[in-house]
Amino acid sequence: MEMASGSSLLRTLAIIILSYYLFKFLIRIFAPIIMQKAVNKMQEKMQEQYKKQQQQQQNTTDQSTQFQSKEKEKVGDYIDYEEIN
């Protein structure tokens, strides 16, 4: 009976050790791939954010030029008058 429990203990330890090394091996293979995908995703988000900022700045610039042109249209010609006493 002791041999059965001893061999099952060794078998369990062997499975745990093999699982550990298999896990390490798989991590070495797949970690760079996973990291590259994460970096690409972050880069895409940053590019989208940059494009949104550029569009907002362009819209703000367009609105300010429209506002300035409207002000210029409303204002007429200035004539300077001098007071005569």
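Residues are numbered from 1 along each chain as its sequence is written. Because the model is predicted, local features need pLDDT of at least 70, side-chain atom pairs count only at pLDDT 80 or more, and totals for chains, interfaces and linings use all residues, while side-chain values use heavy atoms, with hydrogens and water left out.

**The chain as a whole**
- The protein chain has one helix and zero strands (DSSP runs, H or I of at least four residues for helices and E of at least two for strands, numbered from the N terminus).
- Of its 85 residues, 0% count as buried (buried is under 20% relative accessible area, exposed over 50%, partly exposed in between, with a 1.4 Å probe and protein chains only).
- The chain's accessible surface is about 9,200 Å², and 60% of that belongs to carbon and sulfur atoms (Shrake-Rupley method, 1.4 Å probe; for residues, only the protein chains shown count as cover).

**Ser8**
- Ser8 sits in helix α1, which covers residues 2–74.
- With 37% relative accessibility, Ser8 is partly exposed.

- The structure holds one aromatic pair (ring centres within 6.5 Å for Phe, Tyr and Trp, using the six-membered ring of Trp; planes under 30 degrees apart are stacked, over 60 edge-to-face, the rest tilted).
- The rings of Tyr20 and Tyr21 have centres 5.3 Å apart and planes at 70°, so this pair is edge-to-face.
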